[in-house]
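Subject: Structure for your files

Hello,

Here is the structure you are taking over. My notes on it follow below.

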Amino acid sequence: MPRKIQVPGIRQIGPGLFELRVQTRYPVSDKRRAIRRVVEAASVRDALGLLEGLREELLQSGVPGTPAQPTRQTLTDYARSWLEQKKTNGIKPSTEARYLDALEHAILPVLGSKHVDEIARTDIKTWLSWAARSHDKRGRLRVHATVNAWLRIVRSLLRDAVGDLELERDPTMGVKALSSQPTRVTEDEPNSLASDELRRFLEAAAKEKPEVYAICVLGFFTGMRFGEIAALRWKDVSEDEGLIHIRQSVWRNRITTTKTGKTRSAALHPIILDALHAHRAALVARNLPVMGAALVFPSVTGACHRASY
């Protein structure tokens, strides 16, 4: 039975026989390289000397003396490098945060310790069944839409692993998403205000300061998300064209692209224009900039408003 040696990179596999293992990264490609070699040594001290020689050989030659067996990765290990690659490719910060939250709280606690090459379809189905029975922070059962969003991340993760790690199969193939649940939005109870409700809401908003009314009008008449309204600049408002160009958004105090990553335009309705004129007059009275790259709705510090505004 191999004797356990408390020296990293050395494992005694028999009388006078030791397996040495060295890992490093090549300076140019940054790829991980490894050497595994069985050597004869009279003692652990002698084996340690050979280990140092092996490490020096790897650093100087840049070519492993003996082809190493591929290092098996757990899903946690691969997910870390996968997310870093996504960041390098320009993933949106909000998407990165969503991926990280799903990985840390919903995916890796169940699948993270498994080696990627041993994950089977049954493992994915077992995880999906667990996810469907899990509860959120308020103790409520997870809705199927949330679980299916997690499943899409698992699919993307493992499909990339098939190519990166040269796996034989994608274990998510054939795994069906959870069925959709009944929505509370119906024709009888739509998730929108009736015309009379909208009129009364805007009448109430008009009694607030011009900024509040302008924000409400923009949201109702353009469908802009709050982050897009908060990041709107005066140069995005074109009276000549009669358009509002929606080019960016704000997420956790960071200016980023819109949710879809695309620029779009909305009609500059006369009601919106009147509201913006009143708001602009209020900003001028406070000696704040009202043109170019200046924010249409600056906070008291001059930054973008938060969603809790």
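W127 touches A106, I107, V110, L111, V147, W150, L151 and V154, leaving aside residues up to four places away in sequence; contact here means heavy atoms within 4.5 Å. The model is predicted, so local features need pLDDT of at least 70 and side-chain atom pairs count only at pLDDT 80 or more, while totals for chains, interfaces and linings use all residues. Residues are numbered from 1 along each chain as its sequence is written, and side-chain values use heavy atoms, with hydrogens and water left out.

W127 is also among the residues that touch the most other members of the largest nonpolar core, together with L75, W82, I107 and I124; this core has 29 residues. (A nonpolar core is a set of buried Ala, Val, Leu, Ile, Met, Phe, Trp, Tyr and Cys residues joined through side-chain atoms within 4.5 Å; buried means under 20% relative accessible area, with a 1.4 Å probe and protein chains only.) Helix 2 (75-88), helix 3 (93-111), helix 4 and helix 5 each supply at least two residues of this core; helices are DSSP runs of H or I, at least four residues, numbered from the N terminus. Helix 5 gives the most, with eight residues. Another core, of 24 residues, lies apart from it and includes I229, L283, V290 and V296.

The axes of helix 4 (residues 121-133) and helix 5 (residues 144-164) come within 10 Å and cross at roughly 155°; axes are lines fitted to C-alpha atoms over the stretch in contact, with angles from 0 to 180 degrees between N-to-C directions. That makes the two helices roughly antiparallel (over 145 degrees).

Regards

Notes. Parallel < 35°, antiparallel > 145°, perpendicular 65-115°, else oblique. Buried < 20%, exposed > 50% of the residue type's maximum accessible area, 1.4 Å probe, protein only.
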